[in-house]
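Colleague: I am new to this structure and would like to go through it with you. Could you show it first?

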Amino acid sequence: VAGTGSAAEEAEESELRRQEVLAAMFTLGCPGLPAMDFAYTVYPEARFFETSTGNRVSRDALLFGIQRIRLKGKAVIKAHAMLRGDMASINLGRFCFLE
């Protein structure tokens with residue numbers, strides 16, 4: 001019955017319900033979007049280098065015209081990706097993932 005518990009108990013129950021809804025959204029995905037996977041990925045230093053803004057770039061990626069390639073931060077460029085800054089300027093936002 002609502003209102004029989006203390007305010008702290010009601011706040012705790014509300015927070016638990018909110019966490020359950022968020023967990024269901026991330027597990028099932030939102031309608032029209034694929035399910036999200038929040039697995040932590042380790043990028044070995046032997047295969048990737050990290051820039052000062054936290055971008056991780058594969059040593060096997062092909063980058064041309066690097067003066068015109070801007071990565072805002074936390075982007076990952078995997079092996080065999082080709083970025084052609086010599087043909088046009090490239091601006092990538094934060095948390096981009098290129099394969």
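Colleague: What percentage of the residues of the chain count as buried?

Modeller: Of the 99 residues in the chain, 17% count as buried; the term means under 20% relative accessible area, with exposed being over 50% and partly exposed in between (1.4 Å probe, protein chains only). Please note that this is a predicted model, in which local features need pLDDT of at least 70 and side-chain atom pairs count only at pLDDT 80 or more, while totals for chains, interfaces and linings use all residues. Residues are numbered from 1 along each chain as its sequence is written, and side-chain values use heavy atoms, with hydrogens and water left out.

Colleague: How many salt bridges are found in the whole structure?

Modeller: The search finds three salt bridges, each being a side-chain nitrogen of Lys or Arg within 4 Å of a carboxyl oxygen of Asp or Glu. In one of them, Arg47 pairs with Asp60, and the closest N and O atoms are 2.3 Å apart.

Colleague: Where do Arg47 and Asp60 lie?

Modeller: Arg47 is in the loop between α1 (7-28) and β1, and Asp60 is in the loop between β2 and β3, so the pair ties together parts that are 13 residues apart in sequence. Arg47 is partly exposed at 44% relative accessible area, and Asp60 is partly exposed at 29%.

Colleague: And which residue forms a salt bridge with Arg56?

Modeller: The partner of Arg56 is Glu50, with 3.8 Å between the closest N and O atoms. Arg56 counts as partly exposed at 27% relative accessibility, whereas Glu50 is exposed at 52%.

Colleague: Which side chain meets Asp86 in a salt bridge?

Modeller: That is Arg84, at 2.9 Å from N to O. The charged end of Arg84 also sits over the ring of Phe64, 4.9 Å from the ring centre. For this, NZ of Lys or CZ of Arg must be within 6 Å of the ring centre and within 35 degrees of the ring normal.

Colleague: Where does Phe64 lie?

Modeller: Phe64 belongs to strand β3 (residues 62-64) and is partly exposed, at 35% relative accessible area. Together with Leu62 and Met82, Phe64 forms a nonpolar surface patch of about 270 Å² accessible area. Patches are made of residues with over 30% relative accessible area and no salt bridge; like charges are joined within 9 Å, and nonpolar side chains (Val, Leu, Ile, Met, Phe, Trp, Tyr) within 5 Å. The areas come from the Shrake-Rupley method with a 1.4 Å probe, and for residues only the protein chains shown count as cover.

Colleague: Let us change topic. Is Asn55 buried or exposed?

Modeller: Asn55 counts as buried, at 2% relative accessibility. Asn55 is found in the loop between β1 (48-50) and β2 (56-58).

Colleague: What about the backbone: what is the phi of Lys74?

Modeller: The phi of Lys74 is near 60°, a positive value in a residue other than glycine. Most residues other than glycine have a negative phi. Lys74 is placed in the loop between β4 (69-71) and β5 (76-77). Phe95, which is not a glycine, has a positive phi of about 60°; Phe95 lies in the loop between β7 (90-92) and β8 (97-98) and is exposed, at 60% relative accessible area.

Note on methods. Helices (H or I, at least four residues) and strands (E, at least two) are DSSP runs, numbered from the N terminus.
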